[in-house]
Amino acid sequence: MLAAETNGISRRPTPNYSNIMHSDPNISAPFSNEDEYPTRRSSASGTSPGFHDNRLSGEGSPMTMSPWNQTSSSNPKSSWSQFEENVPQNCLIGSMTREEGHIYSLATTGELLYTGSDSKNIRVWKNLKEFSGFKSNSGLVKAIVISGDKIFTGHQDGKIRVWKVSAKNASVHKRAGTLPTLKDIFKSSINPSNYVEVRRRRSALWIRHSDAISCLSLNEEQGLLYSASWDRTFKVWRVSDSKCLESISAHDDAVNSVVASCEGMVFTGSADGSVKVWRRELQGKGTKHVFVQTLLKQECAVTALCVNASGSVVYCGSSDGLVNFWEREKQLSHGGVLRGHKVAVLCLAAAANLVFSGSADKTICVWKREGVVHTCLSVLTGHNGPVKCLAVGEDKESTAKNPRWVVYSGSLDKSVKVWRVSETAEGGVSSFRSEGGVSSFRTDGEGADSVGGGSHKRR
């Protein structure tokens, strides 16, 4: 393995991708010309209270990186590399590779890790060893979420597939259905009013996505599944009977991310550069999602969203490399900007007081939040391609005094890397506090910094 993988922390120059002219945050250009979106510049203006914008133009598209767009091997083999156990905090502890496709999605539950790729395969890893696998008929696997014994996968072909773990053999996963179900498709197709106009002057049933699934999110308390799509909508599904309850035309371009939060709040981010807030409300005998407000409106694409466990902070990654955040306790006022990447942020994840941002620059920034102040604990390096997805699980050795997490990162270099991260880790970053409730810091040679505070004026 590379020397950088032994400690997982590095400061190295970030490659310049400013000449890449494809702003679709979820797919590199060689895959399909139909899914490209026009490049969005970063001269943005915010629409939420106290929004502060300071973007660099010409850095807004994620990747067209031909070294990772090679044809998969006809005889894929899996490998697992484990490193020494007595490793420092915030470091690489292992790497999993199966030469069959780029990694687009991850999900973890207990001892199991699920990985999805453009080979249409879903691989299952247990205790960091390959445990099982299953394959869909079509569509690369762009999203995975887990609810009890059900696994939901979102695909490039616009379908959501449902899988169940066999009660007799935990390594066996059986196909349990597709959303929408054939029964619902048949019933809906009879009524002409169930058809809506989609792109290219085509009509389709409102219960079906007409383009790629980009993201899935669960509200387990209410038993709801949310799906976002490049068809500019997000849909609401009832997990118990796989019924599509609602379809919302949310944005003017592809919806790249949807996140369900507490108290019926839902956040969506789009290639049209906006972040919107929706709320589930009782209407008659049912519920309906209503638009609440727009948190952000900019020219560069919104590529990722996440909400911390308590639902108090919303994070947004963009194709300009910035991470904006909003604080719910302050009526979702803008809290600041995290500047840890110079090119597109492709994925976000949160655990306790930590936030992780993965980027097309092949790195992962580890941020620790204390109030509105975010400190970059470390920059994790080791991938040879853009970091496309993240998943986080609690470390078995985690304690109240020293919370520790296992972070999984999937990349277009066809590998999944495993990191151990601690909230109490130190080193690699010099930080300071300035006046007026604003904090910033800079990592050696990279210029990553954070600005907190909600009183910034628009520029």
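The legends below describe an overview and several close-up views of a predicted protein model.

Residues are numbered from 1 along each chain as its sequence is written, and side-chain values use heavy atoms, without hydrogens or water. In this predicted model, local features need pLDDT of at least 70 and side-chain atom pairs count only at pLDDT 80 or more, while totals for chains, interfaces and linings use all residues.

**View 1. Overview of the chain.** The protein has 1 helix and 34 strands; helices (H or I, at least four residues) and strands (E, at least two) are DSSP runs, numbered from the N terminus. Of its 459 residues, 60% are buried, where buried means under 20% relative accessible area, exposed over 50%, and partly exposed in between (1.4 Å probe, protein chains only). The accessible surface comes to about 19,300 Å², and carbon and sulfur atoms account for 47% of this surface; areas come from the Shrake-Rupley method with a 1.4 Å probe, and for residues only the protein chains shown count as cover. Among contacts between residues at least 6 apart in sequence, 51% join residues at least 24 apart, a contact being heavy atoms within 4.5 Å.

View 2. pLDDT is the predictor's confidence in each residue, from 0 to 100. The protein averages 78, and 73% of the residues score at least 70. Over residues 1-75 pLDDT stays under 50, and the model has 214 contacts beyond four places in sequence for this segment. Residues 427-459 also stay under 50, with 92 contacts beyond four places in sequence.

**View 3. The open sheet β3-β4-β5-β6.** Four strands form this sheet in the order β3-β4-β5-β6, with antiparallel pairing; two strands pair if DSSP finds at least two bridges between them. β3 (103-109) and β6 (129-135) stand at the edges with a single partner strand each, so one side of each has no neighbour in the sheet. Neighbouring strands of this sheet are turned by 20° against each other on average, direction ignored; axes are lines fitted to C-alpha atoms, for helices over the stretch in contact, and angles run from 0 to 180 degrees between N-to-C directions. β3 and β4 (residues 112-117) run antiparallel and are joined by 6 bridges. Ala-107 has Tyr-114 in β4 as its bridge partner.

**View 4. Helix α1 and its packing.** In α1 (residues 182-189), Asp-184, Ile-185 and Ser-188 are buried. Seen down the helix axis, the buried residues of α1 fall within an arc of 100°, so they line one face; the arc is that of the directions from the helix axis to the C-beta atoms. These buried residues pack against β12 and β16 (243-249). On the face turned away from the buried side are the exposed residues Leu-182, Lys-183, Phe-186 and Lys-187.

**View 5. The β11-β12 hairpin.** β11 (residues 195-198) and β12 (residues 202-205) pair in the antiparallel sense over 4 bridges. Tyr-195 stands opposite Leu-205 in β12. The hairpin has 3 residues between its strands, and Arg-200 in the turn has a positive phi of about 60°.

**View 6. The open sheet β13-β14-β15-β16.** This sheet of 4 strands has the order β13-β14-β15-β16 and antiparallel pairing. At its edges stand β13 (213-219) and β16, each with a single partner strand, so one side of each is left without a neighbour in the sheet. On average, neighbouring strands here are turned by 20° against each other, direction ignored. β14 (residues 224-229) and β15 (residues 233-238) run antiparallel, joined by 5 bridges. The bridge partner of Ser-227 in β15 is Lys-235.
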